[in-house]
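Work through the exercises below with the sequence and the coordinates at hand. Each task is followed by a worked solution.

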Number of protein chains: 4
Amino acid sequence: MSKDARSDARNKVRDAAIALFAQKGVKATTIKDIARAAGVSEGALYRHWASKEELAAALFAAEYTALSHSLREAAGSGPAPQRLRRVIAWAFGLVEAAPGRARFLLLSQHDALPLVPDGLETPVDVVCAIVGDGIAEGSVVDADREALAHTVIGAIVLNIQSHVYGRQTAPLGTLVDTVADALLRGLSTGKET
Amino acid sequence: MSKDARSDARNKVRDAAIALFAQKGVKATTIKDIARAAGVSEGALYRHWASKEELAAALFAAEYTALSHSLREAAGSGPAPQRLRRVIAWAFGLVEAAPGRARFLLLSQHDALPLVPDGLETPVDVVCAIVGDGIAEGSVVDADREALAHTVIGAIVLNIQSHVYGRQTAPLGTLVDTVADALLRGLSTGKET
Amino acid sequence: MSKDARSDARNKVRDAAIALFAQKGVKATTIKDIARAAGVSEGALYRHWASKEELAAALFAAEYTALSHSLREAAGSGPAPQRLRRVIAWAFGLVEAAPGRARFLLLSQHDALPLVPDGLETPVDVVCAIVGDGIAEGSVVDADREALAHTVIGAIVLNIQSHVYGRQTAPLGTLVDTVADALLRGLSTGKET
Amino acid sequence: MSKDARSDARNKVRDAAIALFAQKGVKATTIKDIARAAGVSEGALYRHWASKEELAAALFAAEYTALSHSLREAAGSGPAPQRLRRVIAWAFGLVEAAPGRARFLLLSQHDALPLVPDGLETPVDVVCAIVGDGIAEGSVVDADREALAHTVIGAIVLNIQSHVYGRQTAPLGTLVDTVADALLRGLSTGKET
DNA sequence: TATGAATGAGCCTTCATTCAT
DNA sequence: CATGAATGAAGGCTCATTCAT
C-alpha cells in the first residue's frame, strides 16, 4: 500500500537522520547524507518535512515526548522515591539499548529544545511531577520542586554523557544504585506514605 | 600602543565570539558576524586564530580551564562536603555574574569539548578530585567516584540550564542551599574528618 | 533526454574552460568565469569535477592524450623521416584548425603537466618512439633519442608559439616544409630502409 | 649609504622573488613569501615596485634582456653556424650554472611575455639576427628567417625543459653536440663565408 | 509521485595593498 | 623610511531547496 510505503520512507529517514544527527550534529549532517543513508532521494525528504531544520525539530520533539511517555510508564506507581529510582534505571537502560537515540537527545538539545512547542509534556515535566507528588505525600523533602527535579535529571544526564563520551568506562547498569542511592538519600524524608 | 591595540582586537573578537557562540552556537555563527560584532575586519581575525574552529576551540579551552581554576579556588579547603557546597554556590554565582560565559560553556560543549587537549584539568576533574578526597577522608560515601562527581556536576549544570532557558524563574542564588542540601545529604557520611 | 543534457553541460563547461584557460591561464580563470561562459551555475561544475584544479588536470590530460593519438595516427607508417614530416604538418594544421586547443595545451602545460598520471602516452613519447625507430632502422642519426625528439618537438612548439603570439605572421601551413626540411636534413642519415 | 642599502633590498627581493616564482609560479607566490624570503617587510616591496605583477614583469624583462645580451656576447663572431653552436652551448650551460633563473624564464614566459615592452631586444631577436646573417652570408639555407630561428630556439628550450622537468637525465652538457650537430646540419649550407 | 541535477546565496579563507605608528 | 597589522574584495566550494523530467 502506498501508505505503508510512505511510512517506510518516513521511518527510514527518521532512523537515518537520528543516527547521523547523533554522530555529527544537525548542522554538520547534510540532506544528501540523510537521503543516501535512508536510501531515498533528496527530494523525497521534502515531501514529509518542510526543511532540514523542521525535520530535526520534529524528530527531537517526537523523541523527547516519547521519552516522557516511557519515563512515566517506567516510573510506575508507588512512593516517589521508588518511582525516581525506576526512572534512573530506565534512563540508564535506554542508553545501552538505544545509544543512537540517547546521543541524539543529548546532542540536539541545545539546537532543538527551543523549538519544542510549549504544551507538550517533557521528561523534565515527568520528573517534576514525581517530585511534586513526593513533596505532597511527604516522601520527598519540601523544597523547590524544579530545583530538586533538575538535580535528579542532571545527575542522570551527566552520567550518561560521561559514559557516551567515554570518560566513564563502568557500564551504566552498575551505576544505577550508586546514583540512585545518593540522590534518593538526598531527596527522601525517609517517611513512607 | 600597538601592543594594546593588538590586545584590544583580540579581546574584542574574543568577547564578541563568546557572546555569539553562546547565542547561536559555533556552527551558526559566521566569521562575518563575529567581525562585525567585534568591529574588526574579517581578515584581522586570522591574524590571531588560524580558523573559526580554532577560535572556538581556543576560547572554549580557555574558559574551560579558567573555570577549573576558579572552581578549585572557590572550593577552598576543609572537608569535602563543605568544599562541594562552595563549588555549587560559586557556579550558581558565576551564571548571574557572567551569563554569557556560562551560556557559552553550556552551548559549545558538544562542539568544542572534543577539541580540548587531553592533559588539561577540567572542571570535571576538579569535582572528581574533591569527591575522591571525601571518600578517602570518610566524609563521602564510598562509591564510584566518577558517578558521584557527575551527579554533583549534573545537578549544577541542569539547574543552570533550566535557569538560562527560563524554565526556572527563581534566582539561582536562592537555590544554592536547596541543591546543596539535597546533594550533600546524599553524598555525605555525616562523619567529619 | 537527461543523458544529453548532462553531456551538454559537461561539454559546454569543457569548451568554455578550455577557451578561458587558453586566454588567461588556469589560475587567473575563476569558477564564476567558467560557469558564466558555459551558461551553467557554479555548483553544476562540481557535479562533474571535484575542484577547479581537477577540471584543469582532466581537461589537459584529455587533450594531451588525444594529441598523442592524433599524432601517432597522423604519423602513419614508413621511414621515420617521413613520419616526422607528417607529424610536423599535422601539428601546424591543428593550430589553424583549433587554435583554442593549441593555446590551451601551450599555456596550461606548466600548471597541468605535473598532474598528468604517469602511465599515459604523451606526445613526447610518440615523437621519441618515431625517432627511436629511425635510429633502429638507420634512417636517423645515432644520437640521444630524447635529445633529438625534443629538438623536433621544440621546433614545432616554438614555431606554433611565435604564431600564436603574433610574432610569426606567415601562415603556419607555409612553414611546414621550411621547418621539416631543416629538421630532417639534420636528423636523417639519408639512407632509407 | 642609503643608496647601497636600497640596492641591497632590491637585490635581495629580486633574488628571492626569482627563486620563488621559479618554484611555484607568480600567482602562487605571495608578497609575504617574497618579503619573508628576502628578509624585508611587505611594505618595503612597494617602495620599489608598484605591484606584484609589476615586480614579476620587471624581473622577467630584466632577465629576458640580460639573456639577450649574454647570448649575443656568447655568440661572438664568425660564421653563423659557429655562433649558433656557441649559443646552444651557452644556453645549456646557463641552466646548470643558474637553474633558478632558467626555470623562472621558462615558467613565467606565458604570464610575462605579453608584458615585455616592444622595443627591447629579446633572445629571439638575437637568434633571428644570427640566422639572418647566416642567410646573407650564404652559410645558412635561404628560408624564412623566423621559422629557422624558432626551430633553433625551440630545440634549445625543449631540451632544457625536459632536463628541468626530469625527463632528460643526461647532463645537458653532454647534449650540446648532439643538438647542435643535428640543428646545424639542418640549417647550414656547408659553405663557409 | 519520485528523482537527482541544477541553482545560487552564502560560507570560510586568502592575500594584494594601504597606512598608522 | 620601514614595518606589519588591518582591510575587504574576491575566490573556491558547499548544500538546502527547487523543479523538469
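The exercises that follow treat a predicted model.

**Exercise 1. Describe the secondary structure and the extent of chain A.**

Step 1. Chain A has nine helices and zero strands.
Step 2. In sequence order the pattern reads α-α-α-α-α-α-α-α-α.
Step 3. The C-alpha trace of chain A spans about 60 × 35 × 30 Å along its principal axes.

**Exercise 2. Determine how chain A and chain B are related.**

**Exercise 3. Classify the packing of helix H9 of chain C on helix H9 of chain D.**

Step 1. Each of the two helices covers residues 176-187; their axes are 7 Å apart and the angle is about 125°.
Step 2. Angles of 65 to 115 degrees count as roughly perpendicular and those over 145 as roughly antiparallel, so H9(C) is oblique to H9(D).
Step 3. The crossing of H9(C) past H9(D) is right-handed.
Step 4. On the H9(C) side the contact comprises C:Ala182, C:Leu183, C:Arg185, C:Gly186 and C:Leu187, which meet D:Ala182, D:Leu183, D:Arg185, D:Gly186 and D:Leu187 of H9(D).
Step 5. Sorted by class, this contact of H9(C) with H9(D) has six nonpolar, two polar and two charged residues.

**Exercise 4. Classify the packing of H4 on H7 within chain D.**

Step 1. Helix H4 (residues 52-75) and helix H7 (residues 123-137) of chain D cross at roughly 25°, and their axes come within 8 Å.
Step 2. Angles under 35 degrees count as roughly parallel, so H4(D) is roughly parallel to H7(D).
Step 3. H4(D) contributes D:Tyr64, D:Leu67, D:Ser68, D:Leu71, D:Arg72 and D:Ala75, while H7(D) contributes D:Pro123, D:Val124, D:Val126 and D:Ile130.
Step 4. By class, the contact of H4(D) with H7(D) has eight nonpolar, one polar and one charged residues.

**Exercise 5. Which parts of chain C does the pair C:Glu42 and C:Lys32 tie together?**

Step 1. Side chains of opposite charge can pair when their charged atoms come close.
Step 2. The side chains of C:Glu42 and C:Lys32 form a salt bridge, at 3.3 Å from N to O.
Step 3. C:Glu42 lies in helix H3 (residues 42-48) and C:Lys32 in helix H2 (residues 31-38) of chain C, so the pair ties together parts 10 residues apart in sequence.
Step 4. Over all chains the structure holds 46 salt bridges.

Note on methods: Residues are numbered from 1 along each chain as its sequence is written. Chains are lettered from A and ligands numbered from 1 in the order in which they are written. This is a predicted model: local features need pLDDT of at least 70, side-chain atom pairs count only at pLDDT 80 or more; totals for chains, interfaces and linings use all residues. Side-chain values use heavy atoms; hydrogens and water are left out. Axes are lines fitted to C-alpha atoms, for helices over the stretch in contact, and angles run from 0 to 180 degrees between N-to-C directions. Helices (H or I, at least four residues) and strands (E, at least two) are DSSP runs, numbered from the N terminus. A crossing is left-handed if the near helix is turned anticlockwise from the far one by less than a right angle, and right-handed if clockwise. Contact means heavy atoms within 4.5 Å. Ala, Val, Leu, Ile, Met, Phe, Trp, Tyr, Cys and Pro count as nonpolar, Asp, Glu, Lys and Arg as charged, and the others, Gly among them, as polar. Copies are superposed by least squares on the C-alpha atoms of residues with pLDDT of at least 70 in both. A salt bridge is a side-chain nitrogen of Lys or Arg within 4 Å of a carboxyl oxygen of Asp or Glu.
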